[in-house]
Amino acid sequence: GVLLNLTDAYEPLSRIIPISKNKLTPYRAVIIMRLVVLGLFFHYRITNPVDSAFGLWLTSVICEIWFGFSWILDQFPKWCPVNRETYVDRLIARYGDGEDSGLAPVDFFVSTVDPLKEPPLITANTVLSILAVDYPVEKISCYVSDDGAAMLTFESLAETAEFARRWVPFCKKFSIEPRTPEFYFSQKIDYLKDKIHPSFVKERRAMKRDYEEFKVRINALVAKAQKTPEEGWVMQDGTPWPGNNSRDHPGMIQVFLGETGARDYDGNELPRLVYVSREKRPGYQHHKKAGAMNALVRVSAVLTNAPYILNLDCDHYVNNSKAVREAMCFMMDPSVGRDVCYVQFPQRFDGIDRSDRYANRNVVFFDVNMKGLDGIQGPVYVGTGCCFYRQALYGYGPPSLPALPKSSACSFCCCCCPKKKVEKTEKEMHRDSRREDLESAIFNLREIDNWSLLQTTTSMSGPCLSPR
């Protein structure tokens, strides 16, 4: 058993699975055939102008060429799609599991704006699915960005933090999937199947009753927020709510979970949960969601500074509790991790009929185009459900520039075997000057690596990460 684990630890954490030629060849043949027909069509159109309406003919030909060019561009991502397979068991064999594992910390970002348009109950379900993911709890932090500075969002998040103390241990004890209470309890399946734990039925009924009470409390907060008092909202200590003016207020940060003593009902530690509402001032462009993400990057860098960031919209919950581990199979793989900037997860949608008559599942985009782009270079970022390498957000040097000089081992060799000095060409001197300009503007990757290692040894394992 030990030999097997050691063998798994040195195996690749993921692999590319090419699409079968039996599936690709007919599709490519159809593309080529349509391309030939398109070429013949354009040849006919250009060689047969309409002299009596030359302007109209020229306009129609230009439009047809543009649409044809757009169609050709649309075929490129579909020419060489790939599938990817991850090996979570190898990840565990290499980095371990539990409190002493070498898995990297991850910061989750959840963004919301208007709680009356984006129901707090949906946001609460998203947060609960994050807090209950199958990952070491001390390495998970959830940041909720409230761009509307709404007291309703703040109070509903406080209720969510309290409910999480019961929901998280329930999910982990019985391996619940999905770990979003609203969708878990609405499933029309036999929940007794494969659940042999004698206390499961009793605890599930109690948990469902607790969740119904939680929904009542959230709905009561929503009903209360329908009518804003003339003097604005007031907090429990009598001071006015800082976000009464959503366009002019100071920054607000509140740590709900992750403080000393914040544990679930079984006495286990819970992931961190932080409420953030960035400062707003009139006359400044805040760039909406992008600005909110930038603010979360800065706040999280001070509190937890996890090397990886996974952002979600408030209505996109984590459907698979092991999704973070699958992302780490790419990010933490020594063979491919240094070349990976982000891992984009596909989106799946609930409440759609089986035949998907209105194409709401975006099957062509996620299962064809995105996999095709992955076969070329990489998928595009779709704004949510994406795991980022934090260092990549701070700056990289272009790979076309010459490599940095090697370390002192090379200088020792040069002393023994001196080489003839080669004069630089004008092109090389220009490239060196570009590198100097670049290095003065961005972080040197070698310095970042050394700093990250120092930060890991001094901060990430120490108590200063626990918000006070």
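Visitor: How many disulfides does a search of the whole structure find?
Guide: The search finds 0 disulfides (pairs of cysteine sulfur atoms within 2.5 Å). This is a predicted model, where local features need pLDDT of at least 70, side-chain atom pairs count only at pLDDT 80 or more, and totals for chains, interfaces and linings use all residues. Residues are numbered from 1 along each chain as its sequence is written, and side-chain values use heavy atoms, with hydrogens and water left out.

Visitor: Is Cys-314 buried or exposed?
Guide: Cys-314 is buried, at 4% relative accessible area. Cys-329 is buried too, at 0%. Buried means under 20% relative accessible area, exposed over 50%, partly exposed in between (1.4 Å probe, protein chains only).

Visitor: What about the fold? Which secondary structure does the protein have?
Guide: There are 15 helices and 9 strands. These are DSSP runs numbered from the N terminus: helices are H or I with at least four residues, strands E with at least two.

Visitor: Which residues touch the most others in the largest nonpolar core?
Guide: Val-106, Phe-108, Trp-167, Leu-273, Tyr-308 and Met-328, out of 71 residues. Helix 6 (residues 151-174) gives the most to this core, 11 residues. A nonpolar core is a set of buried Ala, Val, Leu, Ile, Met, Phe, Trp, Tyr and Cys residues joined through side-chain atoms within 4.5 Å.

Visitor: And what does Phe-108 touch?
Guide: Its contacts (heavy atoms within 4.5 Å) include Ile-130, Tyr-143, Leu-310 and Val-324, leaving out residues up to four places away in sequence.

Visitor: Switching to charges. How many salt bridges are there?
Guide: The count is 19. The rule is a side-chain nitrogen of Lys or Arg within 4 Å of a carboxyl oxygen of Asp or Glu.

Visitor: Which residue does Arg-325 pair with?
Guide: Asp-97, with the closest N and O atoms 3.0 Å apart. Arg-325 is in helix 10 (residues 323-331) and Asp-97 in the loop between helix 4 (88-95) and strand 3 (106-112), so the bridge ties together parts 228 residues apart in sequence. Arg-325 is buried at 3%, while Asp-97 is partly exposed at 43%.

Visitor: What does Asp-134 bridge to?
Guide: Lys-322, at 2.6 Å between the closest N and O atoms. Asp-134 sits in the loop between helix 5 (120-131) and strand 4 (140-146), Lys-322 in the loop between strand 7 (308-313) and helix 10, so parts 188 residues apart in sequence are tied together.

Visitor: Where does Arg-166 lie, and what is its partner?
Guide: Arg-166 lies in helix 6 and its partner Asp-210 in helix 8 (residues 200-224). Both are buried.
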